[in-house]
Amino acid sequence: LRFYESFFSGCIPVILADDIELPFSEFVDYSKFTVKWPLDRVNDDLVRYLRSVPDDVIARMQDMGRRVLCLFVYHHDERYCNSF
């Protein structure tokens, strides 16, 4: 699954990378709708963490992902596209 495709399916991207430059990072706070996890900790800690995220936090992250989806789509209605 590609990063931007996860938004179409209502998923919260889990970014398994230490040094990654995400697009539009000067405008978009990715921590509001993604989980970034260090590669050296991809083990049971990650699974425990993901299972511990409260449902209301998941819902907020999914909502924000839907709001910024338009930033990753070539054709969109600019009136409804806002990363803030």
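Student: Before we discuss the helices, how are helices and strands defined here?
Tutor: Helices (H or I, at least four residues) and strands (E, at least two) are DSSP runs, numbered from the N terminus. This is a predicted model, in which local features need pLDDT of at least 70, side-chain atom pairs count only at pLDDT 80 or more, and totals for chains, interfaces and linings use all residues. Residues are numbered from 1 along each chain as its sequence is written, and side-chain values use heavy atoms, with hydrogens and water left out.

Student: Where do D56 and R60 lie?
Tutor: Both belong to helix 3 (residues 55–68), 4 residues apart, or about one turn of the helix. They form a salt bridge (a side-chain nitrogen of Lys or Arg within 4 Å of a carboxyl oxygen of Asp or Glu), with the closest N and O atoms 3.4 Å apart.

Student: Is R60 buried or exposed?
Tutor: R60 is exposed, at 52% relative accessible area, while D56 is partly exposed at 44%. Buried means under 20%, exposed over 50%, and partly exposed in between (1.4 Å probe, protein chains only).

Student: How many salt bridges does the rule give?
Tutor: The count is 2. R48 and D45 also meet in one, at 2.6 Å from N to O; these residues are 3 apart in helix 2 (residues 44–52), about one helical turn.

Student: Changing topic, which helix holds L50?
Tutor: L50 is found in helix 2 and is partly exposed, with a relative accessible area of 35%.
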